[in-house]
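Here are my notes on the salt bridges in this model. Please read them alongside the coordinates.

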Amino acid sequence: MAEGLPTFLVIGAVKAATTWISHQLRCHPDLWLPDAEPHFFSSEYERGLDHYRSLFAPAPAGRRVGEKSADYLAHPEAAARIAAVLPGVPMVVQLRDPVERAYSDYCMLYRRGLVAGDPRRYLEKRDPAGARFLDGGLYAKHLARYHAHHARERIAVFLYEDVVDQPERVIARVCEHIGVAPHIEPDAVASRRNDGAAAMLPLPVRRVLRPMRPLLDPLRSNALLARLRGTMARPVRYPPLTVELRALLRDYYREDVLRLETMIGRDLSRWRVGAAAGANDDRVTAAS
């Protein structure tokens, strides 16, 4: 690998527990990942390699560096860009039932105030606004693009259900894939939560406070501010994904799921019929 650039990547999918696996990798004594997603091979590519390399400069000496940007998998140009800059780099992919992934993505943007109202508006194929939610779950389509630019053995694919059912095994296999000894910290493995269930300040308050985030974030541990936030925060009430719309999405993804089964050699019948394990499991973070 080029000097100062990542030796492994976690490339997605969005809302498939990639935040959880990147947290496990940050706990490894031989690895280092930046806290924020670089998004270099997706939205930041024009900033150039010097910018990208600078993101890894804070890494302690002797540690292997890597990064997680969950939007790489679905980005139409990321696969080719990665091949050009990091040929042969090992990549980790985590996939989730595409219907549950789409709705979780909707809920994340709903919390942020970027979408509102009936999910049908954003999750139906005929509405252009649904492109982000729908396309992100076409995993066979996206993996085919990666296979065109990278050797298949360089791409390790895991399922959301794997993380829920066998988290330690997933960590060990990821470590093996990227070429380091397995390292498991029980406290880190156990620190799994569903961010979508967390109480939040009302959206109008968050919008007012948004410009002050650089000043407020360092004060998150302040006891007085924490108590004040606790008096105002409320659980977010999400518009539901109806049975009808869920069935429409199952139909939309069915052919891609069938292709994916062949590509990765896994039985995905639960995704096709709607019995997705861990779809609303709060043991694993829903964050990307």
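1. Asp-105 and Arg-101 form a salt bridge, with 3.6 Å between the closest N and O atoms. The term means a side-chain nitrogen of Lys or Arg within 4 Å of a carboxyl oxygen of Asp or Glu. Both residues sit in helix H4 (residues 98-111), four residues apart, so about one helical turn separates them. Helices here are DSSP runs (H or I, at least four residues), numbered from the N terminus.

2. Asp-105 is buried, at 1% relative accessibility. Arg-101 is buried too, at 1%. Cut-offs: buried is under 20% relative accessible area, exposed over 50%, partly exposed in between (1.4 Å probe, protein chains only).

3. On provenance: this is a predicted model, where local features need pLDDT of at least 70, side-chain atom pairs count only at pLDDT 80 or more, and totals for chains, interfaces and linings use all residues. Residues are numbered from 1 along each chain as its sequence is written, and side-chain values use heavy atoms, leaving out hydrogens and water.

4. Glu-244 and Arg-120 meet in a salt bridge at 3.0 Å, N to O. This pair links distant parts of the chain: Glu-244 lies in helix H14 (residues 243-264), Arg-120 in helix H5 (residues 120-123), 124 residues apart. Arg-120 is partly exposed, at 22% relative accessibility.

5. Glu-261 pairs with Arg-272 in a salt bridge, also 3.0 Å from N to O. Glu-261 is in helix H14 and Arg-272 in helix H15 (residues 269-273), 11 residues apart. Glu-261 counts as buried at 15% relative accessibility.

6. Shared partners join Asp-97, Glu-100, Arg-246 and Arg-250 into one salt-bridge network. The whole structure holds 14 salt bridges.

How values were computed. Helix = DSSP H or I, 4+ residues; strand = E, 2+ residues; numbered from the N terminus.
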